[in-house]
Amino acid sequence: MIHIAEPSLGPEELKNVVQAVQSGWISSQGEFIPQFERKFARYCGVQHGVATSNGTTALHLALEALGIGKGDEVIVPALTFIATANAVTYCGAEPVLVDSHPSYWCLDPDLIEASITKRTRAIIPVHLYGHPCDMEAISAIAARHRLYVIEDAAEAHGAGLRGRKVGSFGHVNCFSFYGNPIIPTGEGGMCLTGDQDLAQRMRILRDHGASPGRRYWHDVVGYNYRMTNLQAAVGCAQVDRLDGLIRQRRLVSGWYDAALRHVAESGVIRLPPRMPWAESVCWLYSILIEDTFGINRDNIIGELAGQGIETRPFFYPLHVMPPHFRDPSGFPVAAELSRKGLSLPSGANITEEAAARIAGCLTALRRQRN
Ligand SMILES: Cc1ncc(COP(=O)(O)O)c(C=O)c1O
């Protein structure tokens with residue numbers, strides 16, 4: 001089976017984990033945690049990193065630290081992994097959905113202002129499948145309306161806009177290090193911020209609200225959202241290799257582009273977006289299968305699986321699922337992307353031959369249907 005996004009774990013990750021085990025520090029104390037926070041924050045050009053147990057807890061921690069709660073509204077894209085909106089719900093606030101941009105699939109800045117009310121407190125742009133949002137436009141809107149920005153960069157480690165890394169634009173920015181993003185730690189997450197007070201508040205909330213100066217004293221209700229030293233040990237080695245892992249993603253993406261160009265020119269598929277201002281990291285090579293040719297995306301998933309190729313449909317848009325149900329005819333772009341979207345294997349193990357074989361299967365499917 002060619003899997004969708006296999007991680008690349010090598011001798012450095014192993015060495016660090018062995019060192020963590022030998023040190024006896026396997027829970028949430030130990031040298032690798034502050035080291036990982038420093039390394040990753042520095043990589044993104046941000047001052048403070050607060051490692052968490054996963055990307056969802058990072059989002060929740062960011063919202064809580066910014067004081068978002070009951071009665072507040074937070075703008076999120078209609079097309080994202082459900083954790084983005086769930087974290088808003090955990091705070092007692094309401095996620096307000098905004099449709100995707102048709103050209104690059106992330107939150108459409110032109111639709112944001114119409115959704116802002118007196119209760120809006122924040123915007124959470126999501127860099128979907130590795131392609132950045134238009135952070136300059138979103139930051140300008142947020143500044144005009146005095147809103148917080150929390151980037152959800154769970155899928156876009158190392159992506160950038162005009163040389164500036166994602167994760168450095170918002171007030172707090174969140175990453176996931178689950179098993180298959182560009183750099184995984186098994187489970188894990190991180191909040192980045194340039195604001196020292198916010199970083200301190202997140203550290204306190206991450207550790208049951210424990211007072212930093214008084215043992216077993218808790219000023220607020222916090223959480224156990226801590227990362228373990230074992231996860232951070234993997235993370236430290238992964239950050240050192242991040243540029244190389246991104247180069248590999250882009251190489252894979254170039255192989256697919258070349259092999260699928262003809263199918264794209266015939267209008268059967270659309271290749272992944274690449275806006276001129278964006279430096280995508282191509283976390284997943286994600287395409288759209290046009291349904292006008294009688295080719296069904298879900299059948300393609302089944303046929304490729306039969307040939308040992310794991311693919312993934314896009315997320316369901318939030319507004320069709322019970323926890324965040326809205327007007328079913330709303331958010332037409334997100335609905336169309338969700339219906340047509342397919343991600344191909346993009347992990348560190350994909351060779352040029354594998355990309356050609358996968359692209360060949362898609363080309364053959366087109367011929368069968370024509
Ligand atoms: C856009 C987005 N946000 C948040 C998350 C949540 O991250 P985690 O699974 O680490 O909680 C994910 C990934 O799963 C994601 O893709």
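Two strands count as a pair if DSSP finds at least two bridges between them. I wrote that down before opening the model, which is a predicted one.

**Entry 1**
Which residue of S11 is the bridge partner of Leu161? I traced the bridge from Leu161 to Ala278.

Next I followed the rest of the sheet. It is an open sheet of three strands, ordered S7-S6-S11, with antiparallel pairing. Strand S7 (164–165) and strand S11 (278–279) each have a single partner strand and stand at the edges, so one side of each has no neighbour in the sheet. A reminder to myself: strands of a sheet pair through backbone hydrogen bonds.

**Entry 2: the domains**
I checked the domain assignment, which gives domain 1 as 11–240 and domain 2 as 243–369. Their centres, taken over C-alpha atoms, are 26 Å apart. I noted that 30 residues from domain 1 and 29 residues from domain 2 take part in the contact. On the side of domain 1 that touches domain 2, helix H4 (83–90), strand S3 (94–98) and S6 each supply at least two residues. So S6 turned up again in my notes. I sorted that side by class and got 18 nonpolar, nine polar and three charged residues.

**Entry 3: around the ligand**
Which residues come nearest to the ligand? Of the 14 around it, they are Asn54, Gly55, Thr56, Ala154 and Ser176. Helix H3 (55–65) and H4 each supply at least two residues of this shell. By class, I listed five nonpolar, seven polar and two charged residues there.

Note on methods
Residues are numbered from 1 along each chain as its sequence is written. This is a predicted model: local features need pLDDT of at least 70, side-chain atom pairs count only at pLDDT 80 or more; totals for chains, interfaces and linings use all residues. Helices (H or I, at least four residues) and strands (E, at least two) are DSSP runs, numbered from the N terminus. Domain bounds come from an automatic or database domain assignment. Two residues are in contact if their C-beta atoms, placed from the backbone, lie within 7 Å. Ala, Val, Leu, Ile, Met, Phe, Trp, Tyr, Cys and Pro count as nonpolar, Asp, Glu, Lys and Arg as charged, and the others, Gly among them, as polar. A residue is near a molecule or strand if its C-beta atom, placed from the backbone, lies within 6 Å of it.
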